[in-house]
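Okay, thanks for coming, everyone.

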Amino acid sequence: FNALQRKLEEEGYVKAGVVSLYTPTEKGEGTWEEFPQPMSVKGSYYYDTYFTRGGYTLVQQKSERIETYALRLKELIETVQYKTGRSKVIIVAHSMGGLVSRRYMQLFGDQNVAKLIMIGTPNKGVVGNIAEYCDFIGEQRECEDMNEKSLFMGKLNAGKKPAVPTFAIVGIGCA
C-alpha cells in the first residue's frame, strides 16, 4: 500500500498518514478538513501502529474472527470521518480486507462508503492447497472463516450485497 499511496500522491491526493484504533480524536474534529484535495489514509484493523523517533512501528494484533475485524473497521472509518469532516470513504482493501469490508457493510450499512475496491480478495472463500496451508502462513481463526465452506463465508455470500460501486481486481494462475 505504500506504493499505491505514493501513486495517489502523484495524482494529487494528500498523504495523511496512518490511522489505527488508537489514533487520538480529542481536539481533532475536522483537522484534515482544510485540505480541499482528496486524501489517502492507511489503516489496519489487523495491525496496530505507533510512532517512534525512527518512524512507524507495526505490531500484529492477535488472531481474531473476520467479524471482529469488521467492528474494528467501523472504528477506523469513524476516525477518518471525524478527522476529515467527510461523510464517506473509499475503501481499497487487499485479500481478507475485502471480506472484512463487505461484512462491515452488511453489519452497519454502506451509507459511509462511497466505493469499495478489492484487490485479490477471496470472495468465494479459499479452497484446495490454499485452504490446506492457510494456517501455515496465516492465522487459524481467519483461515477458518475464509474457508469456502465456513459459516462466515456462507453468511457473507448469502447476505446483502453492497449498494455502492464495487470493484474486484483479481489474478489467475495461483494453484
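Let's start with Arg103, which is buried, at a relative accessible area of 10%. By buried I mean under 20% relative accessible area, with exposed being over 50% and partly exposed in between, using a 1.4 Å probe and protein chains only.

Quick housekeeping before I go on. This is a predicted model, so local features need pLDDT of at least 70 and side-chain atom pairs count only at pLDDT 80 or more, while totals for chains, interfaces and linings use all residues. Residues are numbered from 1 along each chain as its sequence is written, and side-chain values use heavy atoms, with hydrogens and water left out.

So who does Arg103 pair with? Its side chain meets that of Glu67 in a salt bridge, 2.7 Å from N to O. Arg103 sits in helix H3 and Glu67 in helix H2, so the pair ties together parts 36 residues apart in sequence. Glu67 counts as partly exposed, at 24% relative accessibility. For salt bridges, the rule is a side-chain nitrogen of Lys or Arg within 4 Å of a carboxyl oxygen of Asp or Glu. Helices and strands, by the way, are DSSP runs numbered from the N terminus: H or I with at least four residues for helices, E with at least two for strands.

Now H3 itself. It has 13 residues and spans 18 Å from its first C-alpha to its last, close to the 18 Å expected at 1.5 Å a residue; that expectation is 1.5 Å times one less than the number of residues. Of those 13 residues, 10 are buried, so H3 is largely enclosed by the rest of the structure. The buried ones pack against H2, E5, E6, H5 and H6. Most residues other than glycine have a negative phi. After H3 comes Gly109, also with a positive phi, near 90 degrees.

What about the largest nonpolar core? It has 31 residues, and those with the most contacts inside it are Ile66, Ile91, Leu99, Val100, Tyr104 and Met146. A core here is a set of buried Ala, Val, Leu, Ile, Met, Phe, Trp, Tyr and Cys residues joined through side-chain atoms within 4.5 Å. H2 gives this core its largest share, seven residues.

Back to the charges. The structure holds eight salt bridges. Another one joins Glu64 and Arg72, at 3.6 Å from N to O, and both of those residues are buried. Lys74 and Glu78 also pair, at 2.4 Å. Those two are four residues apart in H2, so about one helical turn separates them. Lys74 is partly exposed at 25% relative accessibility, and so is Glu78, at 38%. Then there's a network, with Arg65, Glu144 and Asp145 joined by salt bridges that share partners.

Last stop, Arg141 in helix H5. It's partly exposed, with a relative accessible area of 38%. Arg141 touches Ser63, Glu64 and Arg65, leaving out residues up to four places away in sequence; touching means heavy atoms within 4.5 Å. Arg141 and Ser63 are 78 residues apart along the chain, yet their C-alpha atoms are separated by 6.3 Å.
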